[in-house]
Amino acid sequence: MWRLFQYTLHRAPLLTLRRRNIYVMYDLHDSEQSHSPPAKRLITEVQAGSSESFKRLRIEHEEPEKTSHSTEHEHEGPSDTSATDTKRGKRDAAGWAKSRRGKAKDTKNKGRRRGTRDQDKDGQKESGEQGPRAPRLPKKQSALLIGFCGTGCNGMQIQPDVRTIEGVLFDALVRAGAVSSDNADDPVKVNLGRAARTDAGVHAAGNLVSMKLITTIPGVEDWVARVNEELPPEIRVWGSVRVQNSFNARMSCDSRKYTYFFPSYLLIPPKPGSGFQRAYEEHAQSMQGVVPLDASAHPFWSALESHSSSSMDDLVRKRMWRISADQVELIRETAKKFEGTHNFHNFTVGREFGDRSNQRHMWKIEISDPAVYGDTEWISVLFHGQSFMLHQRKMMSALVLSCRTGTPGQVIDELYGPRMVMVPKMPALGLLLEYPIFDSYNKKVTSINEKLEPSHPDYRPEIDFEKHRESIDAFKQTFIYDNMRCIEDRDGVFDAWVRSIDTYGGDDLLYLNPKGIIPAAAVIKKGDKRDNPFKEKRKFDLTSFPDKQGIPTIEDDEETESKLNKSRLEDMEG
């Protein structure tokens, strides 16, 4: 038996033992002369073996040594291998090191790293020493009821390097002490969310933002008033409501109310001889059994001074124009086509017809009687819907353009169908978010509150904007209505928009015709290049025209926005 053992040792003279990334080799030939443990040698001192097991061992454990551990390893016994066994979690079932080949790169935290607000560009602390940390104050899940004038802001949601409503609000909360300095570098830390997202320049009389806030600030009696002191006057916090910890501002919202204001002169037919009117008449002549709209016979354009008038002369006359009661009834009847559940894929961007998220429900559309402010007559349209898609103010565009061209309301039903067409966006200036509605959440907390006193820690008040109606109405008049009418009187935004429609003579808008049927020439096919496509002007996404140097050129922003992925589009909806 002993000779068999010696024979085995001679056949495998080298035995490799692994000890905490330190490779040692024992020369078993020396064991015949001595019973003492053989001398250890580093693996670099031994010629690399050619056997497959030796190669595999080096591959598995070829990691840089830490010199600080060398002495410790050399004084430990050769049988202790528990430390290396704990590192097998990054290896496959056969013991081989796992590879990231073929896997996507981790871009989750690409860009500005969280927690670096107090660091300079090189990543070094601005101050060499850190002072004592401020005591931690309890945070509570809260809902802020806010209102704002969107002029000068690039929308509601926080974006890097641009001024947004949430960005201004969050900085004010930090300065007021409602958000701690530890959380000041990243709104995600306080679970920031909003009930409705608004586009750039869009106003809101009421909106809701939820996050974890410090509501008991040392030395501050009324923290909401303290936050308003840090905010500009065009952004206000109406109040704060303590909500349930599971509250989600967007998902808990049942519906939203928007109002769109526009001058009634937009319902005047296209100017005779314009590019749009020529394309309209040419297409109408190819249709049998229809009588096209004769714009030259309209009372506004039949006046003698309209034949050679300039755009500024036309605008002065437009502002003095008053629509008839029949036109008001026509737009009300057409607006009823939006009520109910429909596929709104033609009223947004980046959505295919088969996308189930296109199905949205409109509870009610109300159109007020025209009202005169200054020289201009205005009409307001109230939309009460479950939710609204990105740029869904295209609904207003379809409503106005169909009524001014005499297109039957049937065209709205056509736009719900599978064929994709180009529907322009109405100017952002006229859009106002009235407020989000939380009926389901209010019913839930009401049933819970029946068994609790208002002083109980689990008591949760209802979310109700009507409690602040007086303040909201005063704010709307000063910062929204007056501002909106002032900009229109100064810049003529709506007239510039409708003239951009009338100058277009291509096929994209031929669905505006006496039959209200989408022709093949107006259908957009994905991947096909269109001749003379309608291109929108980005300046109509603003609520005020910049100076001459700042006016953007005509460009097709539909192509850019259509590339947004589905999750990004959902985040941009409200």
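How many helices and strands does the secondary structure of the chain hold?

1. The model under review is a predicted one. Its secondary structure comes to 16 helices and 13 strands.

2. On burial and surface, the chain has 574 residues, of which 46% count as buried. Its accessible surface comes to about 31,400 Å², and carbon and sulfur atoms account for 51% of that area.

3. On contacts, the pairs considered here are those between residues at least 6 apart in sequence. Of these contacts in the chain, 74% join residues at least 24 apart.

4. On cysteines, the structure holds zero disulfides. Cysteine 253 has a relative accessible area of 7% and is buried. Cysteine 486, by contrast, is partly exposed, with a relative accessible area of 45%.

5. Helix H10 spans residues 394–404 and is mostly covered, with 11 of its 11 residues buried. In H10, burial extends to 11 of 11 residues.

6. The segment that follows this helix also deserves a remark. Just after H10, glycine 406 takes a positive phi of about 70°.

Note on methods. Residues numbered from 1 in each chain as written. Predicted model: local features only at pLDDT ≥ 70, side-chain atom pairs only at ≥ 80, totals over all residues. Heavy atoms only, no water. Helix = DSSP H or I, 4+ residues; strand = E, 2+ residues; numbered from the N terminus. Buried < 20%, exposed > 50% of the residue type's maximum accessible area, 1.4 Å probe, protein only. Contact = heavy atoms within 4.5 Å. Areas by Shrake-Rupley, 256 points an atom, 1.4 Å probe, with all protein chains shown as cover. Disulfide = S-S within 2.5 Å.
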